[in-house]
Structures are given as C-alpha cells and as structure tokens.
Amino acid sequence: MSTESALSRVDNERGLGLLEIVISMFLIALIAISFIPVLVSGLRASAANSTIATATRLVAQVTDRALAQAPDTCAALQILGGTTSEVDAQGVTIEVVTTVPDLATCVERSTSLVRVIARDAADDSVLAESRTLLFLPGTSP
C-alpha cells in the first residue's frame, strides 16, 4: 500500500498551485513597474522630437517660399519678413520669425541674409533656425 500512496501523492503534486501562480504574477508586476519610468521618459522625448520636427518643417517651408519668390529688389525682399504662429500636435505654439535686412542696409546687386527662426512661444527657446543668402539683381536701368 505504501507504493500506491506514494504514486497517488505524486499524481496530486502535478501542475501549479494557486500560491505559485500568485507569486509569479507578483514578480511579473514588479518587473513591469520597473519599466514605467523608461516608458514615461520615452513619451516625453517623443513629444519633444515631434515639436522640433514641426518647427523644422515650418522653417523649411518659409525658406523654400523665400527662395521660390526670388525677390529682385530690396522693397520686394521686405515682403518676406514677418512673424507667423502655428500650434503643433502637442499643443505647443511655435512662432516663426523671418528677418530680412531693412531698406537702409539692403544693397541691390548683392546678396542679402534672410534668417528664419522657429521659437517655442511659451519659453522663447529656439527650436529650429535657417540662414539663407538671396541674390538681389535689382532692376535694370
């Protein structure tokens, strides 16, 4: 009978008990909780990168528009200057400032520096920047 009771005891000990399952779930939960700070910092970095990508796209659009218009006089160049604002997907207001030489310092038949800066409107930090030289051929005499 002792061999039968030993065999029945072995048959009863197969599989996992409730205590083992609870302990393994607790250990898995501890491991998952340890990854939360990594996930949060990854989400913050992703949001910041998205804002910078939007600012870079806006600067490129303004720069491309300035190159496409190809102003030929200092007066035409003044039209490019100005400020625009746009809100990105994260709710950050991006201010795009285009600066051109004023009429007093602008010289026709030479190059003029056009500077485009994208800033975070909340803290005034620079997100993206572009500098482009435009040739102003002037009007023919």
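**Entry 1**

Buried means under 20% relative accessible area, exposed means over 50%, and partly exposed lies in between (1.4 Å probe, protein chains only). This core has 20 residues, and Leu77, Ile94, Val96 and Ala118 touch the most other members. Two or more residues each come from helix H3 (36-69), helix H4 (74-78), strand E2 (93-99), strand E3 (110-120) and strand E4 (126-136). H3 provides the largest share, five residues. Helices (H or I, at least four residues) and strands (E, at least two) are DSSP runs, numbered from the N terminus.

A note to myself on the model: it is predicted, so local features need pLDDT of at least 70 and side-chain atom pairs count only at pLDDT 80 or more, while totals for chains, interfaces and linings use all residues. Residues are numbered from 1 along each chain as its sequence is written, and side-chain values use heavy atoms, with hydrogens and water left out.

Next I picked out Ala118 and asked: which residues does Ala118 touch, not counting residues up to four places away in sequence? I found Ala55, Val59, Ile94, Glu95, Val96, Ser125, Val126, Leu127 and Ala128. Contact here means heavy atoms within 4.5 Å.

**Entry 2: the whole chain**

I stepped back and found four helices and four strands in the protein chain. Read from the N terminus on, the elements run α-α-α-α-β-β-β-β. Of the 141 residues, 25% count as buried. I also looked up the contacts with a separation of 6 or more: 52% of them are between residues 24 or more positions apart.

**Entry 3: the sheet**

In what order do the four strands of the open sheet stand? I read it as E1-E2-E3-E4, with antiparallel pairing. Strand E1 (82-87) and E4 are at the edges with a single partner strand each, so one side of each has no neighbour in the sheet. Neighbouring strands are turned by 15° against each other on average, direction ignored. Axes are lines fitted to C-alpha atoms, for helices over the stretch in contact, and angles run from 0 to 180 degrees between N-to-C directions.

Two strands pair if DSSP finds at least two bridges between them. I reminded myself that strands of a sheet pair through backbone hydrogen bonds, either parallel or antiparallel. E1 and E2 pair in the antiparallel sense over six bridges, and six bridges also join E2 to E3.

E1 and E2 form a hairpin with five residues between them, and Gly91 in the turn has a positive phi of about 90°. How many of the six residues of E1 are buried? The number is zero, so E1 lies largely in the open. I then turned to H3, which lies across E1, E2, E3 and E4 and runs at about 10° to E4.

**Entry 4: the largest pocket**

A pocket is found on a 1 Å grid over the protein atoms alone: it is an open set of points where a 1.4 Å probe fits, with protein on both sides within 12 Å along at least five of seven lines, and lining residues have an atom within 4 Å of a point. Grid points are joined across faces, edges and corners, and a volume is the space filled by probe spheres set on the points. The largest pocket comes to about 170 Å³. Its lining includes Val62, Arg65, Ile79, Gly82, Val96 and Thr98. H3, E1 and E2 each supply at least two lining residues, and H3 gives the most, with four.

Val100 sits in the loop between E2 and E3. Is Val100 buried or exposed? It is buried, with a relative accessible area of 18%. Leaving aside neighbours within four places in sequence, Val100 is in contact with Leu77, Gln78, Leu80, Gly81, Leu113 and Val114. Its C-alpha atom is separated by 9.4 Å from that of Cys74, 26 residues apart along the chain.

Most residues other than glycine have a negative phi. I noted Ala70, in the loop between H3 and H4, with a positive phi near 45°. Asp124, in the loop between E3 and E4, has a positive phi of about 60° although it is not a glycine.

Terms used:
A nonpolar core is a set of buried Ala, Val, Leu, Ile, Met, Phe, Trp, Tyr and Cys residues joined through side-chain atoms within 4.5 Å.
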